[in-house]
There are 2 protein chains.
Amino acid sequence: MRLSRYFLPVLKENPSEAQIASHRLMLRAGMIKQQQAGIYSWLPLGYKVLRRIEQIVHEEQIRAGHIPVLMPTMQSAELWQESGRYDAYGPEMLRIKDRHGRDMLYGPTNEEMITDIFRAHVESYKSLPMTLYQIQWKFRDEVRPRFGVMRGREFFMKDGYSFDLTREDALHAYNRHMVSYLRTYERMGLTAIPMRADSGPIGGDNTHEFLVLAPTGESEVFYDSNVTDLTLGDREVDYDNREEVEAICKEFTTLYARTDETHDEAIFNEVPEERRKSARGIEVGQIFYFGTKYSESMGAVVQTPDGSKVPVEMGSHGIGVSRLVGALIEANHDDKGIIWPEGVTPFHVGIVNLKQGDAACDSACDALYAALVKAGLDPLYDDRNERAGAKFATMDLIGLPWRITVGPRGLAANKVELTSRRSGESEEMSAEAAVAKIIEIYAPHR
Amino acid sequence: MRLSRYFLPVLKENPSEAQIASHRLMLRAGMIKQQQAGIYSWLPLGYKVLRRIEQIVHEEQIRAGHIPVLMPTMQSAELWQESGRYDAYGPEMLRIKDRHGRDMLYGPTNEEMITDIFRAHVESYKSLPMTLYQIQWKFRDEVRPRFGVMRGREFFMKDGYSFDLTREDALHAYNRHMVSYLRTYERMGLTAIPMRADSGPIGGDNTHEFLVLAPTGESEVFYDSNVTDLTLGDREVDYDNREEVEAICKEFTTLYARTDETHDEAIFNEVPEERRKSARGIEVGQIFYFGTKYSESMGAVVQTPDGSKVPVEMGSHGIGVSRLVGALIEANHDDKGIIWPEGVTPFHVGIVNLKQGDAACDSACDALYAALVKAGLDPLYDDRNERAGAKFATMDLIGLPWRITVGPRGLAANKVELTSRRSGESEEMSAEAAVAKIIEIYAPHR
């Protein structure tokens, strides 16, 4: 993309309404525009990041054997009356009457609707195990929306629902989700720690939240510092192998890591003192096993091998897709702006032309741009008539992890400059070498 | 995907509520489930088709230089009061009060919000031309929703908005949209004819609808039969070249083609009688040039080169993404089921194992499946313990354009059978040759 043809409305001033870095930087970098309290438009740069995150979530869900569907945002009140949650859910539920006076709502979550789909179509244990998931917009009418997309009212979320015959099968689905989530966050360059959590209004025996450590997090968390060293890395996982999946879960959940809701001082004190940490965390996902809570109230039963009928064992598992954009920035920024991890960056590399209009610089930039596009990469070329300082400031603000700077002095020696946004380090090399380096950097992310 | 692990709830009976083929077949093929009148869940097969269509629309919009954004579904009433449409829009607008009693609505279209984004961020003609588009869910509270996703209440639509300094520039944007739409529909295997249309409540000087001929269409259309022979084909289009783009539009709009709203009997009668046709059509898109209707009422002005300020020239341009799923089926089906064009098929090829459990058949199917996946294709392997007839009926119903049948008799001669869903013709060949043929067939669609 050439910046002269793009829509990137960066702000020079810090927006006064933003209390935290991610909100401020998303507004300043032209990623979002607030339309109402807690409701945002995603401008081109923000939309690109949202889609990259969505894509990673899809890929990892599909890798785990889960099947994508899409449910409507508008739901009938009747479904929620069946489960008993229509009355239980407070004013956070956006309630609507259609033109015929029928009660509807904007789905804040989808346990009822997915259970309705299941009971309409599945009769036998032979169809199990099955996990259906969607990535769809949801609405919670927060009384005080804040922190930008981190606690918005309309938000984009992956919600997956597992259906199994037995409790053991359902716990395997739970574990499968945990591992797929670990992999999802790692691909985004995030450390998200699974922590024992409280089951809250959805109810359930077993639940973990995934938390990203950040000073602006809403939850207080307590953990053994060794837990932040754990990584899944690039090991191959066979999601059908229960022992393998369970072993990974054990590896990631044995060390102490809890939110304030489940924190237990006595157990925590068994952790060696120098590894005992407390910090703030941002919740970016949660997995639940809740058994037959919805299948019983809504009559979602399956036939067992012996011919009897039992309510299906269920779990629900969520990743906050739009919230992750904010969480990623909270975990990756400095005074100058955002620093995107390679896995989610809106553009792979920025090209800065130091002397727009100079024939040699322009043609070198054009050639660089063409070579990157040909390699399947997505560069952003700042081809505006602006001084170098302004171009650098924009690149630093929007946070592309790599920048190639092209100027007359370097070109005379057949060099361009490749700069890392994170380290700030620059290296001079030929344009061809820079392209080769960028290709190599992104190879693991494609 | 192995069918034994998929969720494909096909129905044996014709659903009584469905009046037209696409609605009936989408229900029977397990593509959708109705949740309320005019509101559907997209089950795995339907979701895949919806995403393929979405992807083609994105690709062609980006090729034309248009920039994706995403606006929220919930809009504030205030914006619509500014344009005057809050009162003008009838009961089709879903109106909502949030917990603080503020008036909101579920966006049926987005002229107001995009104009709000524009006026907040764009000040100079130097930022123009600009076209922003989104693919997002919308809601129209139809009094009598019908025909499945063809006239639903919650629907998925691409809506694009062009901003230009002059009327001439805006007409180029109009033309650019027309050409990009022609290309979009052709890639889906659809013939959609641009027809002069009535501007209706959005208002405007210049508007064309794109209609797919189908007996179940809601509009009556009149056309010169030669118009159905026009194709864009694989010519390269330079979307910045006004003359080239305009010439293509002329080529596609010179022959008589109008909906009943703009039909003119006198002009129609100048068409040679044997080419004069009337038929039914399904609207799958519409482009509008409406000038300064919204920019004036909402104060979206830009500075001109001479320093004065003028309201920006606008157009809005839509493609019915969820509706296209229905339209594609209306145009591509037979008594046995759907016949997907290669460009939008949910799976590229079906594999039918005639003797599940037979070691030779199973391993031949596994190898075939692996070879197709390795080639980047997406096969659906019917690995269920069902008789051949049931497997063939399912494949015919869900409409994959190609089927590879593997059975013991063929395998003894080292052959599998490749069958075209459209022609019904089969050919025996080696498994390797079948894979090569499928790769070749899909090469233009990747």
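**Cavities, chain contact and backbone features**

The largest cavity has a volume of about 190 Å³. The structure is a predicted model, and a search of the whole of it finds 3 cavities of 30 Å³ or more. Rolling a probe the size of a water molecule over the atoms shows where empty space is left. The largest cavity is lined by 18 residues, and those closest to its centre are A:Arg51, A:Glu54, A:Phe156, B:Glu54 and B:Phe156. Both chains therefore take part in the lining, as the elements that give two or more residues to it are α2 (44–63) and β7 (130–139) of chain A, together with α2 (44–63) and β7 (130–139) of chain B. By class, the lining of this cavity holds 12 nonpolar, 2 polar and 4 charged residues.

The contact between the two chains was examined next. Chain A and chain B each bring 59 residues to the contact. The size of an interface is often given as the accessible area lost when the parts come together. Between chain B and chain A the buried area is about 5,000 Å², and carbon and sulfur atoms give 59% of it. On the side of chain B, the three residues B:Phe7, B:Leu70 and B:Arg99 supply 14% of the area that this chain buries against chain A, more than any other three residues.

Polar and charged pairs also link the chains. Between chain B and chain A there are 24 residue pairs in polar contact, counted with both residues at pLDDT 80 or more. The element α2(B) gives 6 residues to the side of chain B that touches chain A, the largest share. That side of chain B comprises 33 nonpolar, 10 polar and 16 charged residues. Side chains of opposite charge can pair when their charged atoms come close. The number of salt bridges between chain B and chain A is 8. In a salt bridge between A:Arg5 and B:Asp240, the distance from N to O is 2.9 Å.

Over all chains, the count of salt bridges comes to 64. Within chain A, the side chains of A:Arg153 and A:Asp141 form a salt bridge with an N to O distance of 2.7 Å. This pair links distant parts of the chain, with the residues 12 apart, and both A:Arg153 and A:Asp141 are in the loop between β7 and β8 (154–164) of chain A.

Some backbone features were also noted. Most residues other than glycine have a negative phi, and most peptide bonds are trans. In chain A, the peptide bond from A:Leu128 to A:Pro129 is cis, with omega near -5 degrees. A:Pro129 lies in the loop between α5 (111–121) and β7 of chain A. In chain B, B:Leu128 and B:Pro129 are joined by a cis peptide bond, with omega about 0 degrees. B:Pro129 is in the loop between α5 (111–121) and β7 of chain B. A:Asn414 is not a glycine, although its phi is positive, at about 65 degrees. The loop that holds A:Asn414 runs between α13 (408–412) and β22 (416–420) of chain A.

Methods:
Residues numbered from 1 in each chain as written. Chains lettered and ligands numbered in written order. Predicted model: local features only at pLDDT ≥ 70, side-chain atom pairs only at ≥ 80, totals over all residues. Heavy atoms only, no water. 1 Å grid on protein atoms, 1.4 Å probe; cavity = no way out; pocket = protein on both sides within 12 Å on 5 of 7 lines; lining within 4 Å. Points joined across faces, edges and corners; volume = space filled by probe spheres on them. Helix = DSSP H or I, 4+ residues; strand = E, 2+ residues; numbered from the N terminus. Nonpolar A, V, L, I, M, F, W, Y, C, P; charged D, E, K, R; others polar. Contact = heavy atoms within 4.5 Å. Buried area = accessible area lost by both parts, 1.4 Å probe. Salt bridge = Lys/Arg side-chain N within 4 Å of Asp/Glu carboxyl O. Polar contact = N/O pair within 3.5 Å; in protein donor to acceptor, adjacent residues only side chain to side chain.
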